[in-house]
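Here is a short note to keep beside you while you look around. Please have the sequence and the model open as you read.

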Amino acid sequence: GIDFNLGFGPQPGDLIRDNVYNASCLGDCETIENDAGIAGFLQPSSLECQNTFTPQVLLFNFGSNDLDSVILVYSINNGPEDSIFWTGNLPSLEMDTVDLPEVTLPPGNHNILAYTSMPNGFSDSNPSNDLLEFSFAVSSVPLQLQIVLDDYPNETTWEVTDEDGRKLFAGGPYGGFNSGDTVTYSFCMGS
């Protein structure tokens, strides 16, 4: 059985308080003035249907100073690095979408790497958040799904899953449609 005289062990509030009391920055924390990084990729997606696309990165200003310039370095498939010079006015803790030059890749698995350098013309005060790498696939396998709805379109749903059961695409229900209406979707599938 359970012996309640032994107590309940460490309580969540105690664990949180211990972490806060032992934190390295309880008062005024060091501000990092010039700190930019890549927060994500908007393009490519994990599965690209077109082999020519424009990569897009999310540039984030982690620093306390407004960001007016930064070098964005990028590489596709571990190839040679290239760079663009971004200028603008990005307030602290804000982000901007930056287009990289258009690329054309063959079908298959690929990766893209991007990082920032020299925010506002200074060395980055916190290089640990500069770099982001992303793996993706380019496919040339088109798929068209055509559904002719029955008498119960508001009960009709579908999904396409991969071999591990992860949902890739889904649709429905189709309330507002009529019996006999046709719904068509176009996708690309990994090769």
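Which residue in β10 is the bridge partner of Glu48? The points below come to that in turn.

1. **What you are looking at.** This is a predicted model, in which local features need pLDDT of at least 70 and side-chain atom pairs count only at pLDDT 80 or more, while totals for chains, interfaces and linings use all residues. Residues are numbered from 1 along each chain as its sequence is written, and side-chain values use heavy atoms, with hydrogens and water left out.

2. **Confidence.** The protein chain has a mean pLDDT (the predictor's confidence in each residue, from 0 to 100) of 85, and 84% of its residues reach 70 or more. Do take care with residues 6-11, where the pLDDT is below 50. Beyond near neighbours in sequence, that stretch has 1 contact (heavy atoms within 4.5 Å) in the model.

3. **The sheet.** An open sheet is built from 5 strands in the order β2-β10-β9-β5-β6, with mixed pairing. Because β2 (47-48) and β6 (82-90) stand at the edges with a single partner strand each, one side of each has no neighbour in the sheet. Strands here are DSSP runs (E, at least two residues), numbered from the N terminus, and two of them pair if DSSP finds at least two bridges between them.

4. **Strand by strand.** Now for the opening question: Glu48 has Val138 as its bridge partner in β10. β2 and strand β10 (residues 132-138) run parallel and are joined by 2 bridges. Strand β9 (residues 108-117) runs antiparallel to β10, with 7 bridges between them, and Ala114 stands opposite Leu132 in β10. Strand β5 (residues 67-76) pairs with β6 in the antiparallel sense over 7 bridges; there you can find Tyr74 opposite Asp82 in β6.

5. **Aromatic rings.** Rings of Phe, Tyr and Trp (its six-membered ring) pair if their centres lie within 6.5 Å, and by this rule there are 6 aromatic pairs. One aromatic cluster is formed by Phe41, Phe53, Phe134 and Phe136.

6. **A loop residue worth a look.** Ser179 sits in the loop between β13 (167-171) and β14 (182-189). Ser179 counts as partly exposed because its relative accessibility is 44%; buried means under 20% relative accessible area, exposed over 50%, and partly exposed in between (1.4 Å probe, protein chains only). Leaving aside neighbours within four places in sequence, Ser179 is in contact with Leu149, Asp150 and Asp151. Pro153 is 26 residues from Ser179 in sequence, yet their C-alpha atoms are 6.7 Å apart in space.

Methods:
Helix = DSSP H or I, 4+ residues; strand = E, 2+ residues; numbered from the N terminus. Phe/Tyr/Trp six-rings, centres within 6.5 Å; stacked < 30°, edge-to-face > 60°.
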